[in-house]
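Colleague: I have the model open and would like to go through it with you. Could you begin with how the chains relate to one another?

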There are 2 protein chains.
Amino acid sequence: MGGVRRTPQRTAVLETLGRCREFVSAQELHALLAGGGSAVGLTTVYRALRALDRAGLVDVVRDETGERLYLRRPTDEHRHYLICRRCGRSQPVDARDVEAWAERLGETTGFAELEHTLELSGVCRPCRRPTAATPNGAADAGR
Amino acid sequence: MGGVRRTPQRTAVLETLGRCREFVSAQELHALLAGGGSAVGLTTVYRALRALDRAGLVDVVRDETGERLYLRRPTDEHRHYLICRRCGRSQPVDARDVEAWAERLGETTGFAELEHTLELSGVCRPCRRPTAATPNGAADAGR
DNA sequence: ACACTAGATGAAAATGATTGTCAAGACCGA
DNA sequence: TCGGTCTTGACAATCATTTTCATCTAGTGT
Ligand SMILES: [Zn+2]
Ligand SMILES: [Zn+2]
Ligand SMILES: [Zn+2]
Ligand SMILES: [Zn+2]
């Protein structure tokens, strides 16, 4: 009985997501899918992403509005990213120190089943230009 | 010209928030205010909380649904909290190591104006009872 | 005390991501 | 091939938060 079933929709979602080099929202992914032939229902995109999240195959961050953004994860352990508030570019950071710190937290606080989310943001070098004004060359690359 | 104006509504929001020992949502705060004589419009509660946030007078966390929760901050520097997923109890943690780590991140990555949010959750000791069943004594304290 | 105006209020409507519904369709083992 | 289970997707429903906009007011200057 039962198991996760292989369907063209899920395949499409995973493939399209895999092609994305930056974090994308469910809505954006849905649009991308619609654009490239394979139209998948928005509801299905949400469900697929949630499944991928549970399966640990994607990293999830929330932007300032609370919207969830997904990125296919290369490794098998969770990561944290530094994301540019201007252009959306993301860069994985080495957070092993934080991971260790978080782990230790369980022992010192008496809390169990610890979980953590760490959102890092800033302004990347390319996005930092002299005086303002300039509408930023490659205007808003991506999200 | 210009400035923040002192109004009874803002006073009420700040006072009521100050009385809360745990994180509360804007909606909850609005209900509390309505309960205790001073009725303040929901919109105003939202605006007041946003202002308090900008002023750095409150700590803000987002629960798993993305809803924002506020707690009046005792000190003048930001803090991180470990929050129980069962009862909502919160406990400030010493995150100086993480703060230092985050600070260093700017130098190594070239990103500027770094910001970070760190959400920690777990299950507190009182919420961990033998086998399930028992509806947990002080059933759901708070949120 | 009075007038004046940038700020502030709040009821109601809009927004927008996410989830629930449920009938119709597809996968896969027997 | 058959049937039960898992999936899909159009659409409606949620729900926190934001906009709108007409009305009010704190606070400054006269
Ligand atoms: Zn950038
Ligand atoms: Zn981590
Ligand atoms: Zn607890
Ligand atoms: Zn911090």
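Modeller: Chain B is superposed on chain A by a rotation of 179 degrees with 0.0 Å of shift along the axis, at an RMSD of 0.1 Å. That is the relation of a two-fold axis. The superposition is by least squares on the C-alpha atoms of residues with pLDDT of at least 70 in both copies.

Colleague: What kind of model is this, and how is it numbered?

Modeller: This is a predicted model, in which local features need pLDDT of at least 70 and side-chain atom pairs count only at pLDDT 80 or more, while totals for chains, interfaces and linings use all residues. Residues are numbered from 1 along each chain as its sequence is written, chains are lettered from A and ligands numbered from 1 in the order in which they are written, and side-chain values use heavy atoms, with hydrogens and water left out.

Colleague: Which residue of chain B comes closest to the rotation axis?

Modeller: That is B:L118, whose C-alpha lies 2.2 Å from the axis.

Colleague: And through which surface do the copies meet?

Modeller: The copies meet through the same surface, because 100% of the interface residues of chain B are also interface residues in chain A.

Colleague: Let us turn to the metals. What coordinates the zinc ion (ligand 1)?

Modeller: The SG atoms of A:C84, A:C87, A:C124 and A:C127 coordinate this zinc ion at 2.2 to 2.3 Å. Donors are N, O and S atoms within 2.8 Å of the metal (3.2 Å for Na, K and Ca); water is not among the atoms, so sites may look incomplete. Along the chain, the donors of ligand 1 follow the spacing C-x2-C-x36-C-x2-C.

Colleague: What is the arrangement of the 4 donor atoms?

Modeller: The arrangement is tetrahedral, because the donor atoms subtend angles of 106 to 114 degrees around ligand 1. Four donors count as tetrahedral if all angles lie between 85 and 135 degrees.

Colleague: Is A:C124 buried or exposed?

Modeller: A:C124 counts as buried, at 3% relative accessibility, and A:C127 is buried too, with a relative accessible area of 8%. Buried means under 20% relative accessible area, exposed over 50%, and partly exposed in between (1.4 Å probe, protein chains only).

Colleague: How many bridges join strand 2 and strand 3 of chain A?

Modeller: Strand 2 and strand 3 (residues 68–72) of chain A pair over 5 bridges, and A:R62 stands opposite A:R68 in strand 3.

Note on methods. Four donors count as tetrahedral if all angles lie between 85 and 135 degrees; four count as square planar and six as octahedral if opposite donors are over 155 degrees apart and all others between 65 and 115; anything else is irregular. Contact means heavy atoms within 4.5 Å. Two strands pair if DSSP finds at least two bridges between them. Helices (H or I, at least four residues) and strands (E, at least two) are DSSP runs, numbered from the N terminus.
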